[in-house]
Amino acid sequence: MSEAGQKRVLVIGGTRGVGLQIARLLHQRRYRVRVLARDPAKASTQLGSAFEVVAGDLTKADTLRPAVQGVGHIIFTAGAPSGRYASEALVKATDYDGVIDTLAAAQSAGFQGRFVYLNTIGIKTPSYAALLINLLKRNTLLWRRRVEDRIRGSGLDYTIIRVGFLLDRRGGMHAVSVSQGALPLVLSHRIARADAAEAFVEAMEHPRVSRATFEIVWGSGPRQQTWNQLLERLKPDCHEAASQQ
Ligand SMILES: NC(=O)c1ccc[n+]([C@@H]2O[C@H](COP(=O)([O-])OP(=O)(O)OC[C@H]3O[C@@H](n4cnc5c(N)ncnc54)[C@H](OP(=O)(O)O)[C@@H]3O)[C@@H](O)[C@H]2O)c1
């Protein structure tokens, strides 16, 4: 086991969906994995004893401080529930305040690692799907756009990965298109949760994506490039460019 492989990684959102796949992949790669859970008993049963589960809720800032103690990196995939109505108060509390409170907890704990944040494509480019999502999960894309600036301004090392529509499909089957523009949220921009999970684990310690923002969706044809080939050509956000991201 390498020294890096012994680092403890906190996954916020690790109880479900892409965050759960990230937690399992980190464990396979021999990281120590801590998962924040609103229902720790349920999460422990689901994850098993190899995972450290800590009780916490993004809408309760005090619960975040113990969660971030002693972690090497933080991967944040949590969000207000998808596919059903969420009030703007809940969206803001989860998708905006929850991130800011996590950053603040990390700073007060002396966190020195990377904050890897999952965002969605389409936060800057209007589309019909973005309009519908903002109606259902009230203004989620607005709060998620604002929170990116707070992450960039936090002073912490970070990587922001914007993902397309997430599918429960097998990973590794499709080419992955990695870009640094402002893709619109349209149904053709999609990606398997398994592929997105790999992107987060690969990006977490990749030097090229320190303080960088990028987007991932399926490309055409089968996967031919390694993650290193996909990530090594990316550029960090600069101050001028950050507001354009
Ligand atoms: N679905 C898509 O196509 C799509 C596209 C782009 C981006 N996204 C975003 O991608 C992320 C992952 O999506 P997913 O569908 O794979 O997973 P998901 O089912 O939306 O899982 C959301 C996670 O966030 C956690 N969470 C929610 N509120 C929380 C709170 N107050 N405190 C702590 N944890 C909280 C949930 O924990 P519990 O188990 O306690 O509920 C769960 O682990 C989400 O942020 C989603 O908005 C989704």
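The secondary structure of this chain, which is seen here in a predicted model, comes to nine helices and ten strands. The radius of gyration is 17 Å, close to the 18 Å that the globule rule gives for 245 residues, so the chain is as compact as a globular protein of that length. Taken along the principal axes, the box that the C-alpha atoms fill is roughly 40 × 40 × 35 Å. Among the contacts with a separation of 6 or more, 76% are between residues 24 or more positions apart.

Turning to the interior, buried residues make up 49% of the 245 residues in the chain. The largest nonpolar core has 41 residues, and within it Ile22, Leu26, Phe214 and Ile216 touch the most other members. If residues up to four places away in sequence are not counted, Ile22 touches Val11, Ile75, Thr77, Ala197, Phe200 and Val201.

One nonpolar patch on the surface is formed by Tyr128, Leu131, Leu132 and Leu135, which together have about 440 Å² of accessible area. Tyr128 lies in helix H5, which covers residues 128-136. Because its relative accessibility is 63%, and exposed means over 50%, Tyr128 counts as exposed.

Definitions and conventions:
Residues are numbered from 1 along each chain as its sequence is written. This is a predicted model: local features need pLDDT of at least 70, side-chain atom pairs count only at pLDDT 80 or more; totals for chains, interfaces and linings use all residues. Side-chain values use heavy atoms; hydrogens and water are left out. Patches are made of residues with over 30% relative accessible area and no salt bridge: like charges are joined within 9 Å, nonpolar side chains (Val, Leu, Ile, Met, Phe, Trp, Tyr) within 5 Å. Accessible areas come from the Shrake-Rupley method with a 1.4 Å probe; for residues, only the protein chains shown count as cover. A salt bridge is a side-chain nitrogen of Lys or Arg within 4 Å of a carboxyl oxygen of Asp or Glu. Helices (H or I, at least four residues) and strands (E, at least two) are DSSP runs, numbered from the N terminus. Buried means under 20% relative accessible area, exposed over 50%, partly exposed in between (1.4 Å probe, protein chains only). The radius of gyration is taken over C-alpha atoms; the globule rule is 2.2 Å times the number of residues to the power 0.38. Contact means heavy atoms within 4.5 Å. A nonpolar core is a set of buried Ala, Val, Leu, Ile, Met, Phe, Trp, Tyr and Cys residues joined through side-chain atoms within 4.5 Å.
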